[in-house]
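Thanks for making the time.

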Amino acid sequence: MKVLVAGAGIGGLCLAHGLLGAGVDVRVLEREGDPRSRYQGFRIALNQHGLAALRACLPERLHTLLEAVTGRMAGERLVLDQRLRELRRLGAVDEGLATDRHVLRQLLLAGLGDRVEFGKPVVGYEERADGTVEAHLGDGGSAVGDLLVGADGVGSAVRRRLLPAAEVVTVPGNAVLGRTPLTERFAALVPGFGTVVHGPGVSMLLGRMEFRRLPRHAAAELAPDVRLPDIGSYLRWVVMLPGPVPAEPQGWEAIRGELLALLDGWHPDLVDLVRGADVVNSSPLTVRYAKPVPHWGGTRRVTLLGDAIHPMPPSGGQGANTALRDAALLTRSLTAVQRGEAELPSAVEEYERRMLDYGFAAVAESLERLPDLTPTR
């Protein structure tokens, strides 16, 4: 069996590891020119589903390294005003571990070698009469396999072809995502799981990414063949606005200037947090979610995974975990096919029905929690 995966995000790469471990021939086709062509986002929470999926799919030799490059993700969730006065508490949680998305993606690329092909965007596909599927590539080429998995994100070309009526909604307002090196002063802003700051018309979400061990050093000792980014601990922040950033600024320096104007009169720690942001790894952020879709029925050689089918707001902390959960579930389904214990069409359909159920439940939960994080006009 040969499986084509469109997209080398964390879901697609987790799936590739799982399939490779099961003896399945897998080929990952990625639109980006190289693995470092853009930043990958910041801290993500790995809950029980995400951690279980990674441990199930990754080779055992990488498990210790995965643990080493995570951090604490537990404690009270504070809600403060713009002067850092406590408004309320949302309750303590313990939702697993924190990791950096870019670090995790580099770890997931380890050991896959030339099975991951960069600069190969999947722009469409055709299901062939012989029961295979042909993926059409942006460079004019093609690839043929027994199954095509669309793991190509919220703008998925595979989803547009498979489910042309599926809707992805952009949440009104705007957001800016930033990263600032972690100091003792800034660490005090997030004593627990996370902190929400509500000011007039603006909200700020704060999360700490404090690695147990610096990724580059941990990889050098625990898995010398793995190259992880030379990155230090940081505080991840998101500024949520009820409308667009004024004056449509161009470039990060202008965006930061607009933010600082909006934060005039806020506590100096919050102002300096934005002022000290890492320019390369800060940018505007668009929040989107998918409306639920029923199972499409029929025997298909194409399926979907992660944000390609159920993108969701970050308010639930479930997007990456749900993509990883998809990868582990699909790995189990396809492993049964590889072993001759199931037929491909029925195995894929069973995966899809379960994935749609918990995936859109996660979207709904994330939407329910979004008002706690967004400002009012």
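At what angle do H8 and H9 pack, and how far apart are their axes? This is a predicted model, so please hear everything that follows with that in mind. The angle between H8 and H9 is about 175 degrees, and the axes lie 10 Å apart. Because an angle over 145 degrees counts as roughly antiparallel, H8 is roughly antiparallel to H9. On the H8 side, the contact is made by Arg-256, Leu-259 and Leu-260. On the H9 side, the residues are Val-271, Val-274 and Arg-275.

Now H8 by itself. Helix H8 runs over residues 251-262, which is 12 residues. At 1.5 Å a residue it should span 16 Å, and its end C-alpha atoms are 17 Å apart, so the two values agree.

Which residues of H8 are buried? They are Trp-252, Ile-255, Arg-256 and Leu-259. These residues cover an arc of only 100 degrees around the axis, so they sit on the same side of H8. Glu-253 and Ala-261, on the other side of H8, are exposed.

Next, the cysteines. A disulfide is a covalent bond between the sulfur atoms of two cysteines. How many disulfides does the count come to? The count is zero. Cys-14 is in no disulfide, and the nearest cysteine sulfur to it, in Cys-57, is 3.8 Å away. Looking from the other end, the closest cysteine sulfur to that of Cys-57 is in Cys-14, and 3.8 Å is too far for a bond, because the cut-off is 2.5 Å. Are these two buried or exposed? Cys-14 has 1% relative accessibility, so it counts as buried. Cys-57 is at 6%, so it counts as buried too.

Last, His-17. His-17 is found in helix H1, residues 10-21. Its relative accessible area is 6%, so His-17 is buried. What is His-17 in contact with, leaving aside neighbours within four places in sequence? One of its contacts is Cys-57, from the cysteine pair.

Technical notes: Residues are numbered from 1 along each chain as its sequence is written. This is a predicted model: local features need pLDDT of at least 70, side-chain atom pairs count only at pLDDT 80 or more; totals for chains, interfaces and linings use all residues. Side-chain values use heavy atoms; hydrogens and water are left out. Helices (H or I, at least four residues) and strands (E, at least two) are DSSP runs, numbered from the N terminus. The expected span of a helix is 1.5 Å times one less than its number of residues. Buried means under 20% relative accessible area, exposed over 50%, partly exposed in between (1.4 Å probe, protein chains only). The arc is that of the directions from the helix axis to the C-beta atoms. Contact means heavy atoms within 4.5 Å. Axes are lines fitted to C-alpha atoms, for helices over the stretch in contact, and angles run from 0 to 180 degrees between N-to-C directions. Angles under 35 degrees count as roughly parallel, over 145 as roughly antiparallel, 65 to 115 as roughly perpendicular and the rest as oblique.
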